[in-house]
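Here's a quick briefing to read next to the model. Have the sequence and the 3D view open as you go.

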Amino acid sequence: MIDKTSYSMKSAISKIADGNTVMIGGFGTAGQPAELIDALIEHGAKDLTIVNNNAGNGDFGLAALLKAGRVRKIICSFPRQSDSYEFDKLYHAKKIELELVPQGNLACRIQAAGSGLGAIFTPTGYGTMLAEGKETMEIAGRHYVLEYPIYADFALIKANKGDRWGNLTYRKTARNFGPIMAAAAKCTIAQVKEILPLGELDPENIVTPGIFVQHVVRI
């Protein structure tokens with residue numbers, strides 16, 4: 001019997017190791033798996049590479065992970081919102097590495113990993129510092145930059161409802177990066193508000209199929 005239900009966050013994230021690449025869902029605080037992040041902080045893994053849309057808000061969730069000194073590098077598209085002071089302090093002290101990726105490119109590179117693509121060509125960034133040292137190509141009169149997929153060892157995402165097979169649905173904009181991160185990681189851990197019996201999730205409404213999810217934790 002397939003049952004991906006984890007009855008504690010501690011057990012679900014126990015295999016995350018020092019130096020792993022971890023994707024964390026969320027657009028700011030919308031869809032951010034804050035409880036799983038707290039469990040990761042308690043777990044103690046360090047020297048992590050984090051992939052996220054931004055670089056933390058205030059002093060909770062992702063920002064708390066940064067403050068704890070567990071992140072070696074962050075790959076994100078928007079690190080400088082008004083309350084990103086934890087990232088600011090680390091970056092100016094040269095205690096964290098930043099790979100800045102335009103938001104569309106970030107999504108496409110994650111999608112490329114989940115789709116099994118070797119690379120993508122995108123017009124975004126052509127002619128700017130972001131394209132320095134990268135291969136470019138002209139296609140049908142337009143210039144493109146070669147970008148490579150972003151893979152992860154783990155993805156921590158927040159969904160609304162799930163079942164024991166790992167099928168997931170989301171609530172409105174909290175969906176954001178969750179589905180594509182789930183497909184791009186070797187191991188996806190999803191926190192949900194409710195775990196329903198098999199068959200109670202409408203198959204037409206399932207966004208992330210259980211094949212992409214290894215652990216479901218009810219928060």
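On the surface, I2, W165 and L198 make a nonpolar patch with about 280 Å² of accessible area together. I2 sits in the segment before strand 1 (5-6). Keep in mind that this is a predicted model, where local features need pLDDT of at least 70, side-chain atom pairs count only at pLDDT 80 or more, and totals for chains, interfaces and linings use all residues. Residues are numbered from 1 along each chain as its sequence is written, and side-chain values use heavy atoms, with hydrogens and water left out.

**How the patch is defined**

- Patch residues have over 30% relative accessible area and no salt bridge; nonpolar side chains (Val, Leu, Ile, Met, Phe, Trp, Tyr) are joined within 5 Å, and like charges within 9 Å.
- Accessible areas come from the Shrake-Rupley method with a 1.4 Å probe, and for residues only the protein chains shown count as cover.
- Helices (H or I, at least four residues) and strands (E, at least two) are DSSP runs, numbered from the N terminus.

**The cavity**

- Rolling a probe the size of a water molecule over the atoms shows where empty space is left.
- A cavity here is a set of points on a 1 Å grid over the protein atoms alone where a 1.4 Å probe fits but cannot get out, and lining residues have an atom within 4 Å of a point.
- Grid points are joined across faces, edges and corners, and the volume is the space filled by probe spheres set on the points.
- The count comes to one cavity of 30 Å³ or more, and the largest cavity holds about 50 Å³ of space.
- Its lining includes L100, P102, R109, K134 and E147.
- Helix 5 (103-115) and strand 8 (142-147) each give at least two residues to that lining.
- By class, the lining has six nonpolar, three polar and three charged residues (nonpolar: Ala, Val, Leu, Ile, Met, Phe, Trp, Tyr, Cys and Pro; charged: Asp, Glu, Lys and Arg; polar: the others, Gly among them).

**Salt bridges**

- There are 10 salt bridges, each a side-chain nitrogen of Lys or Arg within 4 Å of a carboxyl oxygen of Asp or Glu.
- K46 and D18 pair up at 2.8 Å, N to O. K46 is in the loop between helix 2 (34-43) and strand 3 (48-51) and D18 in the loop between helix 1 (9-12) and strand 2 (21-24), so the pair ties together parts 28 residues apart in sequence.
- For E97 and K73, the closest N and O atoms are 4.0 Å apart. E97 lies in strand 5 (residues 97-100) and K73 in strand 4 (residues 71-76), so this bridge links parts 24 residues apart in sequence.
- K73 is buried at 15% relative accessible area, while E97 is partly exposed at 37% (buried is under 20%, exposed over 50%, partly exposed in between, with a 1.4 Å probe and protein chains only).
- E99 bridges to R109 at 3.2 Å between the closest N and O atoms. E99 is in strand 5 and R109 in helix 5, so the pair ties together parts 10 residues apart in sequence.
- Shared partners join R72, K73, E97, E99, R109, K134 and E147 into one salt-bridge network.

- Most residues other than glycine have a negative phi.
- K94 isn't a glycine, yet has a positive phi of about 60°; K94 is in the loop between helix 4 (85-92) and strand 5 and is exposed at 75% relative accessible area.
- A140, also not a glycine, has a positive phi of about 50°. A140 sits in the loop between strand 7 (136-139) and strand 8 and is exposed at 84%.

Methods:
On a 1 Å grid over the protein atoms alone, a cavity is a set of points where a 1.4 Å probe fits but cannot get out, and a pocket is an open set with protein on both sides within 12 Å along at least five of seven lines; lining residues have an atom within 4 Å of a point.
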